[in-house]
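Please read each point with the sequence and the model side by side.

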Amino acid sequence: MENIIAIDLKKNKVVKAFAGLRFNYKPLKINSNDFSDPIKFISFLNKKIFLKYIYIADLDSISCYSPNYNLIIKILKTFPKVTFVIDCGFEYPISVNNFSKTLKKISIYNFKIILGTEKIKKFSLRSFFLNSENIISLDFNGKELYWIKKIRLLNIKPILIFMFLKNV
């Protein structure tokens, strides 16, 4: 098990999560220092600790608003030695494939895709694992048993991230 730094993006800013209630998320400030700029925040973290992985949740995309794709591309280019696990609320395998192809076309490879049970449609998960190693983010929100059963039926061992939003 690994601990992974999680960064929530909303309107191109890093925001502080509050119990999963996204309407209450505010730009990140720590001790009166503004860390809402993701490049500044990741640079700060990188100086303090070695970052192997960073989880980025594009809350705008997950909430069906305009995605922060350009910012995510800038982040990935700025920190090529960090692997980013990206949750953009992908619902269908084609959206995962299109996003991956777009990044690879511009020679960006330091990423993995998160499939969040919050958004993913209830069809065969197997199709998400045909061409790449994706990660499943399992939200503990009362529907986790449904998804645990579906994941077990895959007969593969996906990487899982457990999200306990009530503990945020």
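1. The loop between β1 and β2. K11 is found in the loop between β1 and β2, strands and helices here being DSSP runs numbered from the N terminus (helices H or I with at least four residues, strands E with at least two). Phi of K11 is near 55°, a positive value in a residue other than glycine. N12 lies in that loop between β1 and β2 as well, and its phi is also positive, at about 65°, although N12 is not a glycine. For background, most residues other than glycine have a negative phi. At 65% relative accessibility K11 counts as exposed, whereas N12, at 43%, counts as partly exposed. In these terms, buried means under 20% relative accessible area, exposed means over 50%, and partly exposed lies in between (1.4 Å probe, protein chains only).

2. Basis of the values. This is a predicted model, in which local features need pLDDT of at least 70 and side-chain atom pairs count only at pLDDT 80 or more, while totals for chains, interfaces and linings use all residues. Residues are numbered from 1 along each chain as its sequence is written, and side-chain values use heavy atoms, with hydrogens and water left out.

3. The sheet. Which order do the strands of the open sheet follow? The 8 strands are arranged as β3-β2-β1-β6-β7-β8-β9-β10, with mixed pairing; two strands pair if DSSP finds at least two bridges between them. β3 (26-27) and β10 (159-163) stand at the edges with a single partner strand each, so one side of each is left without a neighbour in the sheet.

4. Strand β8 and its partners. β7 and β8 run parallel and are joined by 3 bridges, with F84 standing opposite F111 in β8. Strand β8 (residues 111-116) also pairs with strand β9 (residues 135-139) in the parallel sense, over 3 bridges; here I114 stands opposite I135 in β9. Of the 6 residues of β8, 5 are buried, so this strand is largely enclosed by the rest of the structure.

5. Helix α1. The buried residues of helix α1 (residues 38-48) are P38, I39, F41, I42 and L45. Seen down the axis of α1, these buried residues fall within an arc of 165°, so they line one face of the helix; the arc is that of the directions from the helix axis to the C-beta atoms. They pack against β1 (5-10), β2 (13-16), β4 (29-30), β6 (53-58), α3 and β7 (83-87), contact meaning heavy atoms within 4.5 Å. The face turned away from the buried side of α1 carries the exposed residues K47 and K48. At the N-terminal end, D37 caps α1: a side-chain oxygen lies 2.8 Å from the backbone nitrogen of I39. A polar contact is a pair of N or O atoms within 3.5 Å; within protein, one must be able to donate a hydrogen and the other to accept it, and residues adjacent in sequence count only if both atoms are side-chain atoms.

6. Helix α5. E144, W147 and I151 are the buried residues of helix α5 (residues 144-152). They cover an arc of only 65° around the axis, which puts them on the same side of α5. What covers these buried residues includes β9 and β10. L145, K149 and R152 are exposed residues carried by the face of α5 turned away from its buried side.

7. Aromatic pairs. Rings of Phe, Tyr and Trp (its six-membered ring) pair if their centres lie within 6.5 Å; planes under 30 degrees apart count as stacked, over 60 as edge-to-face and the rest as tilted. By this rule the count comes to 4 aromatic pairs. The rings of Y69 and F99 have centres 5.2 Å apart and planes at 50°, so the pair is tilted. Y69 lies in helix α3 (residues 69-78) and F99 in helix α4 (residues 93-105), so the pair ties together parts that are 30 residues apart in sequence. Y69 is partly exposed at 30% relative accessibility, whereas F99 is buried, with a relative accessible area of 7%. The rings of F90 and F99 have centres 5.3 Å apart and planes at 50°, so this pair is tilted.

8. Residue D58. A polar atom of its side chain lies 3.2 Å from the backbone nitrogen of S61.
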